[in-house]
Amino acid sequence: MIWGSSVLASDVFRHVPVMADEVLRFLEPHCGGIYLDGTLGGAGHARLILEATSPDGILIGMDRDAEALAAAKSNLAEFGDRAILRQGNFSEMGAHLDLLQIDRLDGILLDLGVSSHQLDSPERGFSFREEGPLDMRMNPAEGVSAATVVAEAEANELSRIFREYGEERWAGKIARAIVSDREQTPFVTTLQLADLIRRVVPRGRAPQRIHPATRVFQALRIHVNGELDSLRTGLDVAWQRLKVGGRLVVISFHSLEDRMVKQTFRALATGCICPPRLAICACGQQPSVRVLTRKAVRANEDEININPRSRSAVLRAMEKLPVEDDQDV
Ligand SMILES: C[S@@+](CC[C@H](N)C(=O)[O-])C[C@H]1O[C@@H](n2cnc3c(N)ncnc32)[C@H](O)[C@@H]1O
């Protein structure tokens, strides 16, 4: 089956960077600094960071997706050696930094999820609106495709995925229909699955503002790419690899991610946890970070009008604090 090749020209792989002003405000990129963009995508934010750190700042750009990386390479060509691009999961940034002999960073950006380019490329299988192979892997050379999950997972497991990662109300009903239908015909394309969901979700009870397949597709994507595991590890490593005073900015697009970011920041920012009745601290716990965003930051109406995708974006940022007796900061 031919899906039509994706066009790699960098001019069609531009991603309008979400909350660009806010990212720069919280990241505070400065010349001479070393920054890591763990979700390079179309290199929209990366370009802004490189411009703000001129003439000698360094940006390490990572993406799991080889296509994104190839396009970013061409988009950032004018910055020469100041842009160092690596294919990989940001959860593995530590190993990449070690290879580059870079110990600590001035700032890290994670702009989570998939890019508009990935969503708009039917052959990648992320879209429920256009026919394509049911794949959804950011790196198609890693892990198993959504088609394999849909073909092999038990109904209970499918239902858990749809409920947990998609908050899909009809998770069980959709999972059972998949398991029953796949006996006859395996699900190999995006529209096959989207059509089944449309059929199964009771008319009039489907979400009004979104396509009925939105939540299931989001859930499968998160599962196939292990997105929450990557984020959990990524947040931990990111905090460790920041310099004192270094900043981490994270943009999330759904509540599961944002909850994880919020809770991780809060835990790291927590100081003494001794019961109030103790006059002197016995736990010795000190805050390791300062949260810079007391409330989640959202895109303003002007940006939402220009770039509707920014409507669900939530930004949080923190700064690493010095810790007494910490030998390696
Ligand atoms: C929302 S886009 C980023 C757009 C980018 N900030 C820009 O301005 O063009 C997310 C990108 O991150 C990549 N990505 C998502 N999770 C990743 C992970 N755990 N490690 C590396 N790349 C990831 C995706 O492949 C996608 O290209």
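**Notes on the predicted model**

1. Start with Arg 163. At 45% relative accessibility, this residue counts as partly exposed. The model is predicted. Arg 163 belongs to helix 7, which spans residues 155-166. Leaving aside residues up to four places away in sequence, Arg 163 touches Glu 168 and Ala 171. Ala 219 is 56 residues away along the chain, yet its C-alpha atom and that of Arg 163 are separated by 7.9 Å.

2. Next, the ligand. There are 25 residues around it, and His 45, Asp 63, Phe 90, Asp 111 and Gln 118 come nearest. Asp 63 places a polar side-chain atom 2.7 Å from an oxygen atom of the ligand. Gly 42 uses its backbone instead: an N or O atom there lies 3.0 Å from a ligand oxygen atom. Arg 64 also uses a backbone N or O atom, which lies 3.2 Å from a nitrogen atom of the ligand. Taken alone, the ligand exposes 610 Å², and the protein buries 99% of that.

3. Beyond residues up to four places away in sequence, Thr 39 touches Met 62, Asp 63, Phe 90, Leu 109, Leu 110 and Asp 111. Of these, Asp 63, Phe 90 and Asp 111 are also among the residues that come nearest to the ligand.

4. Look at helix 3, residues 66-75. Which of its residues are buried? They are Glu 67, Ala 68, Leu 69, Ala 71, Ala 72 and Asn 75. An α-helix has 3.6 residues a turn, so residues three or four places apart point the same way.

5. Then the nonpolar cores. In soluble globular proteins, nonpolar side chains tend to be buried together. Here the largest nonpolar core has 63 residues. Within that core, Phe 162, Ile 174 and Leu 248 touch the most other members. Apart from it lies another core, of 29 residues, including Met 19, Leu 27, Ile 49 and Leu 59.

6. Residues up to four places away in sequence are not counted here. Leu 248 touches Ile 108, Leu 110, Leu 235, Ala 238 and Leu 242, among others. Its contacts also include Phe 265, Arg 316, Ala 317 and Met 318.

7. Met 19 is not a glycine, but its phi is positive, at about 45°. Met 19 sits in the segment before helix 1 (20-27). Its relative accessibility is 0%, so Met 19 counts as buried. Glu 28 is not a glycine either, and its phi is positive at about 50°. The place of Glu 28 is in the loop between helix 1 and strand 1 (34-37). Glu 28 is partly exposed, with a relative accessible area of 46%.

8. Note a cis peptide bond. It joins Ser 54 and Pro 55, with omega about 10°. Pro 55 lies in the loop between helix 2 and strand 2.

9. Ser 121 is in a loop too, the one between helix 5 and helix 6 (146-152). Is this residue buried or exposed? Ser 121 counts as buried, because its relative accessibility is 4%. Its side chain reaches the backbone oxygen of His 117 at 2.6 Å.

10. Last, the cysteines. How many disulfides does the structure hold? It holds zero. Cys 281 counts as partly exposed, at 41% relative accessibility. For Cys 283, the closest cysteine sulfur is in Cys 274, and the distance of 3.8 Å is again too far for a bond. Cys 283 is partly exposed as well, at 34% relative accessibility.

Definitions and conventions. Residues are numbered from 1 along each chain as its sequence is written. This is a predicted model: local features need pLDDT of at least 70, side-chain atom pairs count only at pLDDT 80 or more; totals for chains, interfaces and linings use all residues. Side-chain values use heavy atoms; hydrogens and water are left out. Buried means under 20% relative accessible area, exposed over 50%, partly exposed in between (1.4 Å probe, protein chains only). Helices (H or I, at least four residues) and strands (E, at least two) are DSSP runs, numbered from the N terminus. A nonpolar core is a set of buried Ala, Val, Leu, Ile, Met, Phe, Trp, Tyr and Cys residues joined through side-chain atoms within 4.5 Å. Contact means heavy atoms within 4.5 Å. A residue is near a molecule or strand if one of its heavy atoms lies within 4 Å of it. A polar contact is a pair of N or O atoms within 3.5 Å; within protein, one must be able to donate a hydrogen and the other to accept it, and residues adjacent in sequence count only if both atoms are side-chain atoms. Accessible areas come from the Shrake-Rupley method with a 1.4 Å probe; for residues, only the protein chains shown count as cover. A disulfide is a pair of cysteine sulfur atoms within 2.5 Å.
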